[in-house]
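Here is a short briefing on aromatic contacts.

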Amino acid sequence: MSPQKNETPLEIYQNFTREWQDIWGKVLEANQQSWLKHWQGTSTPSPYKKGVVTIFDPEIVHQTMTQAVQKISERPDRIIEVQKEHLKDVMAIVKEVSEQIKGGEAQPIIDVDPRDKRFKNEIWQKNPAFFFMQQLYLINAKLLRNVLEQIEGLDEQTLNKLEFYTSHLIDAMAPTNFPLTNPDVIQQTYESKGENLIQGFKNFLKDSATGSFNIKMTDTEALQLGRDIATSKGKVIYRNPYLELIQYSPTTKTVYEKPILIIPPWINKFYVFDLKPENSFVKWAVDQGFTLFMVSWANPTQWHADKTMSHYVLDGVKSALDFVRTYTKRDTINAIGYCTGGVLLNSLLTYLKAKGEKPFDAVTIIAAPIDFKEAGDLLVYICDQQLKKLEAHVKKRGYLEGNAMVQSFNLLRANDLIWSFYINNYLMGKEPMPFDMLHWNGDAVRMPATMHTRFLRDMYLENRLIQPGGIKIADVPVDLTTIDLPMFVMAALDDHIAPWRAVYPLTRAVKQAEKFVLSGSGHVAGVFNHPDKNKYYFMEADKFYETADEWLQHAQKQAGSWWPSWKSWIEKYAGEKVPAPKIDSNKVIASAPGDYVRDQGLH
């Protein structure tokens, strides 16, 4: 509001206050109407609400906090010292703000992380009120972390949970998450006369109407399978209850002799390999002259409830392998396994070795952990008590709802994947932009009951994969040290799903592992980094070292994508160039991307 001529300061204040009262009155009235309309139109409850498993289980949270309080009470002297430091910080920032009000320059007590996008508005530094709120938030966050550091005597699992819960409390209490303490929201509210909060509340109601309540992270209607994403030409040429198999059409006159079978994670949809054309690994690899066969997993139903890892390895991956070898008339092929798809591929390799079969020339393992004691943040979800509750839940339906997996992964990066969209969608009243990676991230897949719970117990709780004979595929003990074929291993430095230190030990287990590459960025962006983008970097070393950290000390950084490095390696095992084969029309079941990928898994 611009002051009018001859207005006194009191009149300016009164008019300004009246204008804000009008805005808030408008917002409250409009949102009340939206609320009534929403509930009048939702007489049928969402099926998802009938039995949801929550990550923040009240019983487990209460037990964790009770243990923490007990340990804190045993050493009150330490907490007193923490409180003294906190009070000192508060008094220091009060002094700095006082100087700023007088026209001086204020120095922060705690510097904002340059990577923290929440406080990029210069008002957080220049306005005394917002500077104080920002600094007080950071000081209080420091207090909570310092209290955690004083706690002794908790087991590692409980301490990890306590740190996880505390980090989410810190994220949630950020002043940017509230309309009256976020300068961007205040400005937008004033300029739009409250329309942002009115539209934001409508966005909130729309998201909550599904019962699953995932905050919308991308414009889901803007990107469609087969039109905008997963557009690479090909055909489904094989199908069973576990998977569809896609053969991609060649784009070159000649191709490498040995085809490549790609096994994506069974906890996601395959098209992370085939995002928008400018980001697509499939398109890039086909354009390089590789013949690709892609597994597209079925979205589990009750039929899959009792299926185990052995079923997914043998009736899933091995069935696809056998089909490709017969179909292409090749005794040996190459393969790529990503994330849990890499776990399945590694397990199949040990099974085939025990059976005396060698159908692969070389394999590539991408972001697939084998040492789950290094599994990082995901471990906070895993304890015997939580698993028993999960097992009881999935037993009722035969699967875990896909929404639960989406929430689990998003909570590992809450500021980026939850709170930023909460502000954009609900406080700013905006729609998120179309983004292929986030579209894929939210395209949920259900988890088959037995397979999922046994995987969590065997891998994350008991770390059995790295133990020779720790698990079995059918009657064959899995022993990764028996794998004896050339292997390329890739991981991502900032991966919060498959931390690179959980992946690296594969290079020590597999005798013929030849190369380890560590990319910048995370589990998706670091892996699917098209060379034309010229983004991020990757690291290589001259040899393998005993530990991951020792390898890192000797690794050399190179700019750009790791894909060309992989191409140079796989070419050694790709065979000669031959005329590009046509897809056998007699085998065609459907056009890519197929039918299984279109099955939604939120409920």
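## Aromatic contacts

Phe 273 is buried, because its relative accessibility is 1%, under the 20% cut-off. The model is a predicted one. The count of aromatic pairs is 44.

**Phe 273 and Tyr 338**
- Phe 273 pairs edge-to-face with Tyr 338: the centres are 5.8 Å apart and the planes stand at 90 degrees.
- Phe 273 sits in the loop between β4 (260-263) and α9 (281-287), while Tyr 338 belongs to strand β6 (residues 333-338), so the pair ties together parts 65 residues apart in sequence.
- Tyr 338 is buried too, at a relative accessible area of 0%.

**Tyr 422 and Tyr 426**
- Tyr 422 and Tyr 426 also make an edge-to-face pair, with 5.8 Å centre to centre and 90 degrees between the planes.
- Both residues lie in helix α14 (residues 414-427); they are four residues apart, so about one helical turn separates them.
- Tyr 422 is partly exposed, with 22% relative accessible area.
- Tyr 426 is buried, at 8% relative accessibility.

**Ring cluster**
- Ring pairs join Tyr 256, Phe 273, Phe 281, Trp 284, Phe 290, Tyr 338, Phe 528, Trp 563 and Trp 566 into a cluster.

**Charges over rings**
- Arg 446 places its charged end over the ring of Tyr 399, 5.3 Å from the ring centre.
- Lys 557 has its charged end over the ring of Tyr 537, at 4.2 Å from the centre.

Definitions and conventions:
Residues are numbered from 1 along each chain as its sequence is written. This is a predicted model: local features need pLDDT of at least 70, side-chain atom pairs count only at pLDDT 80 or more; totals for chains, interfaces and linings use all residues. Side-chain values use heavy atoms; hydrogens and water are left out. Rings of Phe, Tyr and Trp (its six-membered ring) pair if their centres lie within 6.5 Å; planes under 30 degrees apart count as stacked, over 60 as edge-to-face and the rest as tilted. Helices (H or I, at least four residues) and strands (E, at least two) are DSSP runs, numbered from the N terminus. Buried means under 20% relative accessible area, exposed over 50%, partly exposed in between (1.4 Å probe, protein chains only). A charge sits over a ring if NZ of Lys or CZ of Arg is within 6 Å of the ring centre and within 35 degrees of the ring normal.
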